[in-house]
Amino acid sequence: MTTDRVQDLIARMTPEEKWGQLQIIFRPHRADAEDLVRRGLGSVFWPRSAAQTNALQRVAVEQTRLGIPVLVGLDVIHGQRTIGPVPLAQAASFDPELVRALAASAAAEARSGGVTWTFSPMLDVSRDPRWGRVVEGFGEDVHLTAVMGTAMVRGYQGEDLAGAGAIAATAKHFVAYGQPEGGRDYNTVDLSPHRLRNVHLEPFWAAVAAGAASIMAAFNTVSGVPMHAHRGLLTGVLKEEWDFDGIVVGDADGVRNLLPHGVAEDLADAVGLAFGAGLDVEMGGAPWDLDDAARARVDTARLDDAVTRVLMLKERLGLFDRPYVDEAAEITAPTPASRALARRAAARSAVLLKNDGTLPLHAPRRVLLTGPFADSTDHLGAWTQSFGAAAGTIADAMRDRLPHADVRVMSGVDVLDDDAEGIPAVLAAARGCDVVVVCVGEPSSLSGEAASRSDLRLPGRQADLIRAVAGCGIPFVVVLENGRPLVVADWIDDAPAVLEAWHGGTEAARAIVDVLVGDAEPAGRLPMSFPRSAGQVPIHYAHENTGRPATTGGTLTTDVVDIGVQGPANVAEKFTSKYLDLELGPQFAFGHGGGYATFARSAPAVSEGCVRLEELEAGRSVTVTIDVTNTSERSGDDVIQVYVEDVVASIAPPVRRLVAFDRRTLAPGETTTFGMDIGFEQLGFWRTDAAAAAFVVEPGLFRLHVGSTLTTAVPVELRVE
Ligand code: NOJ
């Protein structure tokens, strides 16, 4: 799609002007930025004020031959001024409308300062918590990632990109960046067409269908081909098969990185490969360093296609007609409304991992807050700009909320140090307290880009602190703040109640206290499995079955096994798929989470037990229902999840696959019916064994597992004929 204005510009542009439109440069100094824009640079990565952004736009509009405004890009990831919970936490809310609202609030803040393009949402399905970037995505599940990702795209872009509070979204990182070998950032990805189609491409397809304005190429290779040079995926799948007409933007220096990848001889080769493969905008400035002869490796049709896409985004954003923002209307600090939203979001993202009734706190008179996060302001998470509004401390929030209580604070251990000398003082301070709240976790800097870990336990001596507090016999709860699933096996059994609060943003501290005292209900669900051990990862619930599934964990033994006798009995006992030194399954599975309210649930039912394939293909669906009653005296949320089990298929199917979910608040005593439609899309999968991949539903028996967590879901049968 194009407009007369864009066509007219393309016809008048010189090759130099066209190449200028195809680059975005990082955080240039102000004078440099003006020079670059005067030379024709099309996009700037620019964390500046509205006034400075307007000044830069003025250079583009008034001091260049064609007066083309610049795109102002920035990583607005989970808030601009008001910082919301990290995306992994947002996924835990199982509340897409909340995710949309947070993105809309961030977009309004960003656009008011002149930002028009964000590099979010991250749609990398992440099944390896060693990878630090799991914090920036929506976890291990394809459906949850697709739903939350499209909600975020809608939040950023609104109904109309030219609207006052809208910015262009970028779905990233295309594709499979979430499956690096060893969980090490940027590492090689080698995967089958089957997993590529059924797992990694799906959320991007959903984002394209939702109108995402741009897609970012990933740093990794996919089966030997770096994504910045992957014509088959960037052009073949994204632009041709899916008809994506937005911008494919490179990741930071991803084009230059083709040299160390070992697929390009020099920069000219790299630029030629990348733009030839379908890249439209390079991030970093590589094309500036090339002469016309080198740039000629990209043919005119491809060059014009890329420039058209960039100019069309500027057109859709309304930049040609309104390049400037109203400086007086710039949002420079959180408003009461954005704070309230962030606080609600942080509370709704919290997951109650376990609780013996210690939570909510019962009007304590004397409380000890301990652990490195008790008096810390490190709640913002891995990715915020320096002007994100700071968070308060849990200690202050607790004192505000319980003005008549004696709230003591003593960290005991540092978050990273190997020094446990402060623990005895904590135990002394705990004496006489009604409850101890142990606030532990990972600093924000331990997750995010280039922040992979090989050890997933709490860093430093935090586990020692928990165990020591457990030993003193006073009721206590653990609050976790982290950006990835952790290994908690070394202390979890000692803790009566554990709240996973993630990195919750500007309002995290108040939200944590809201949940601790019961002003808010913790009803989040885990978006990623918590492993028992780092040796178990990658671990995810939607795995395929082996031919020898285990029913119990293994036992270490020195018995010599006669591998000649693999009879049925031996296979059942010994030759099954497990670790000899671990119980089966994760510590906490995907979808796990409790709450304070209690619920009774009926058996699930389907509107029809049998449906014809042709009808499904024609758009017919069945409805699966479950009645839920709030049996407690407090209002609370239930999160109903529907998992499909395709009992027999032509390929080994995942044992379960989330296809629908809904979170609702029920008043005390209230009964409600949750109903979800299950149709072709939910029952099908991609077959990749023919020349062209095909999405199919295969007739046969399906079980729909319905419930409040994965492990407690109850099956109901559906037959497709
Ligand atoms: C590198 C990251 O991978 C990407 O997600 C981000 O948008 C760019 N840097 C720009 O900061």
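**A tour of the ligand shell and the aromatic pairs**

Select R197 and W686 to begin: the charged end of R197 sits over the ring of W686, 5.0 Å from its centre (CZ of Arg, or NZ of Lys, within 6 Å of the ring centre and within 35 degrees of the ring normal). The model is predicted, so local features need pLDDT of at least 70 and side-chain atom pairs pLDDT 80 or more, while totals for chains, interfaces and linings use all residues. Residues are numbered from 1 along each chain as its sequence is written, and side-chain values use heavy atoms, leaving out hydrogens and water.

W686 is buried at 16% relative accessible area, whereas F695 is partly exposed at 25% (buried is under 20%, exposed over 50%, partly exposed in between, with a 1.4 Å probe and protein chains only).

Next, select R664 and F674, where the charged end of R664 lies over the ring of F674, 4.5 Å from its centre. Then show F94, Y541, F590, Y643 and F661, which ring pairs link into a cluster.

Finally, turn to the ligand. Among the 14 residues around the ligand, D75, R133, K172, H173 and D251 come nearest (a heavy atom within 4 Å). A polar side-chain atom of D75 is 2.4 Å from a ligand oxygen atom. For K172, an N or O atom of the side chain lies 2.7 Å from an oxygen atom of the ligand.

Conventions: A polar contact is a pair of N or O atoms within 3.5 Å; within protein, one must be able to donate a hydrogen and the other to accept it, and residues adjacent in sequence count only if both atoms are side-chain atoms. Rings of Phe, Tyr and Trp (its six-membered ring) pair if their centres lie within 6.5 Å; planes under 30 degrees apart count as stacked, over 60 as edge-to-face and the rest as tilted.
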